[in-house]
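Subject: Structure handover

Hello,

Please find the structure below, followed by notes on what was found in it.

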Amino acid sequence: MSPFAEILAVATITILAVISPGPDFAMVTRNSYLYGRRTGLLCALGIGLGVQVHVAYTMFGVSLLIAHAHQLLTVIKLLGAAYLIWIGLQTLRNRTALSVDTSAAPAMSGAASLRMGFLTNALNPKTTLFVVSTYTQVVNVHTPLPVQFGYGLFMSITHWAWFSVVAWCFGSATLRAAMLRRQRLLDKLIGSTLCGLGVALGVSNLG
């Protein structure tokens, strides 16, 4: 594969992987409509940083261990599933009536939102498989190391940029006001979605 074709393949795979609905999308949507644009943007940043966890162990050869140690991938899968279900249940149990007026509404701290985004992505074995398969099946072994690190940076930036757009949209005052008028319904929908994603992840066969 030529260098240009490799770059095009990595870019295409990354963009398709990012825009596919999944836990990251559900988490950013949840935080943006419940707590506002700033919280959603920090969650998006956390997701972008979480991608670097997968890139790091792939670049340092741990992907070979993951590829052959199915028990390790299973542990990652179950931790990710449990985390999604836990957040989903917290959303379903939410009884706090929120307002677009951030001065009167309870808020999630920046650190908590950043951490939530980070953990959602870092514990997502689907991202593990996406990053590992991209590096092992698309990236040439002779590709210079700085270029390989550049691919990893592109993956993170793409995640951050896309989910920042999602946060910006769902965190707008007008849309938030409309969504918060139906907060209980949306809490049930998003909470059920997160729980469903967690269960589906937990019983999926990733090997």
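Two rings of Phe, Tyr or Trp (its six-membered ring) are taken as a pair if their centres lie within 6.5 Å; planes under 30 degrees apart are called stacked, those over 60 edge-to-face, and the rest tilted. By this rule the count is 1 aromatic pair. The ring centres of Phe25 and Phe170 lie 6.3 Å apart with the planes at 90°, so this pair is edge-to-face. It joins distant parts of the chain, with Phe25 in helix H2 and Phe170 in helix H8, 145 residues apart. Phe25 is partly exposed, at a relative accessible area of 29%, and Phe170 also counts as partly exposed, at 22%. Here buried means under 20% relative accessible area, exposed over 50%, and partly exposed in between (1.4 Å probe, protein chains only).

On provenance: this is a predicted model, in which local features need pLDDT of at least 70 and side-chain atom pairs count only at pLDDT 80 or more, while totals for chains, interfaces and linings use all residues. Residues are numbered from 1 along each chain as its sequence is written, and side-chain values use heavy atoms, with hydrogens and water left out.

Overall fold

The chain has 10 helices and 0 strands. Helices (H or I, at least four residues) and strands (E, at least two) are DSSP runs, numbered from the N terminus. Of the 207 residues in the chain, 46% are buried. Contact means heavy atoms within 4.5 Å. Among contacts between residues at least 6 apart in sequence, 87% join residues at least 24 apart.

Packing against H8

Helix H2 (residues 23-35) packs on helix H8 (residues 145-170) at an angle of about 35°, the axes being 8 Å apart. Axes are lines fitted to C-alpha atoms, for helices over the stretch in contact, and angles run from 0 to 180 degrees between N-to-C directions. H2 passes H8 in a right-handed crossing; a crossing is right-handed if the near helix is turned clockwise from the far one by less than a right angle, and left-handed if anticlockwise. From H2, the contact involves Asp24, Phe25, Val28, Thr29, Ser32 and Tyr33, which meet His159, Phe163, Val166, Ala167 and Phe170 in H8. By class, this contact of H2 with H8 has 7 nonpolar, 3 polar and 1 charged residues. Ala, Val, Leu, Ile, Met, Phe, Trp, Tyr, Cys and Pro count as nonpolar, Asp, Glu, Lys and Arg as charged, and the others, Gly among them, as polar.

Helix H1 (residues 3-19) also packs on H8 at about 35°, with axes 10 Å apart, and the crossing of H1 and H8 is right-handed. Residues in this contact include Ile7, Val10 and Ile15 of H1 and Phe154, Trp162 and Phe163 of H8. The contact of H1 with H8 divides into 11 nonpolar, 3 polar and 1 charged residues.

Cores

A nonpolar core is a set of buried Ala, Val, Leu, Ile, Met, Phe, Trp, Tyr and Cys residues joined through side-chain atoms within 4.5 Å. The largest such core has 23 residues, of which Met27, Val28, Tyr33, Ile87, Met116, Phe163 and Leu194 touch the most other members. The largest share of this core, 5 residues, comes from H2. A second, separate core of 11 residues includes Val10, Val55, Val131 and Val139.

Met27 is found in helix H2 and is buried, with a relative accessible area of 0%. Leaving aside neighbours within four places in sequence, Met27 is in contact with Cys43, Tyr83, Leu84, Ile87, Met116, Thr120 and Leu194. The C-alpha atoms of Met27 and Met116 are separated by 8.1 Å, though the two are 89 residues apart along the chain.

Two loop residues

Thr143 lies in the loop between helix H7 (125-137) and H8, and counts as buried at 10% relative accessibility. Beyond four places in sequence, Thr143 is in contact with Glu6, Gln148 and Tyr151.

Gly171 lies in the loop between H8 and H9 and is buried, at 9% relative accessible area. Not counting residues up to four places away in sequence, Gly171 touches Ser32, Gly36, Arg37 and Arg176. Gly171 and Thr39 are 132 residues apart in sequence and 8.5 Å apart in space, C-alpha to C-alpha.

Regards
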